[in-house]
Amino acid sequence: MSEGDNILAIDFDGTIIPQGSGLSRERLEKRPMAGAVHALQMLHAQRWRIVVFSCRARDEQGRAQIINWLRRYGIDNLVEEITAQKPWAKYYIDDRAIAFDNWASVLERLTDEGQETNGHI
């Protein structure tokens, strides 16, 4: 078994907390995404090691805000690590990810998106 076999890397924004800009006071008042607390509890009970990743964790203030938010909802004990780096994991859960099947489907998805943004991908 390799190192990342039981690690789930979960993006913070848009999967645990609703998407928004920054960790403002108002944003930190937002409740967890529907089903997030239950899912984290179930995954933890199934012995998944949960690593939360967010670019907001790149400084101590942002990391502390994430920890405090998780603590507020009683889920800080379910999270093994908080990082700003992409961790080694078996699976990545991210609202902005593109599931990779093949490059043709990735290009099709991005080309469709690019056409809506003047062709810049």
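**Reading the labels on a predicted protein**

Tutor: Residues 24 or more positions apart account for 71% of the contacts in the protein with a separation of 6 or more, a contact being heavy atoms within 4.5 Å. This is a predicted model, where local features need pLDDT of at least 70, side-chain atom pairs count only at pLDDT 80 or more, and totals for chains, interfaces and linings use all residues. Residues are numbered from 1 along each chain as its sequence is written, and side-chain values use heavy atoms, leaving out hydrogens and water.

Student: Why is Ile10 called buried?

Tutor: Buried means under 20% relative accessible area, exposed means over 50%, and partly exposed lies in between (1.4 Å probe, protein chains only). Ile10 has a relative accessible area of 4%, so Ile10 is buried. Among the residues that Ile10 touches are Leu40, Val52 and Ile93.

Student: What makes Asp13 and Arg56 a salt bridge?

Tutor: The term asks for a side-chain nitrogen of Lys or Arg within 4 Å of a carboxyl oxygen of Asp or Glu. For Asp13 and Arg56 the N to O distance is 2.9 Å, so the pair qualifies. The two residues lie 43 residues apart, Asp13 in the loop between E1 and helix H1, Arg56 in the loop between E2 and H3. Asp13 counts as buried, because its relative accessibility is 6%.

Student: And how do you know that Arg49 and Glu80 form one too?

Tutor: Their closest N and O atoms are 2.7 Å apart, so they also meet the cut-off. Arg49 sits in strand E2 and Glu80 in strand E3, 31 residues apart.

Student: What makes E2 and E3 a strand pair?

Tutor: Strands are DSSP runs of E with at least two residues, helices are runs of H or I with at least four, and both are numbered from the N terminus. Two strands pair if DSSP finds at least two bridges between them. E2 and E3 are joined by 4 bridges, so they pair, and they run parallel. Together with helix H3 they make a right-handed β-α-β unit: with the strands pointing away from you, the path from the first strand over the helix to the second runs clockwise.

Student: What is the pLDDT over residues 116-121?

Tutor: pLDDT is the predictor's confidence in each residue, from 0 to 100, and over residues 116-121 it stays under 50. Where pLDDT is low, the predicted coordinates should not be read in detail.

Definitions and conventions
Lists of a residue's contacts leave out its neighbours within four places in sequence.
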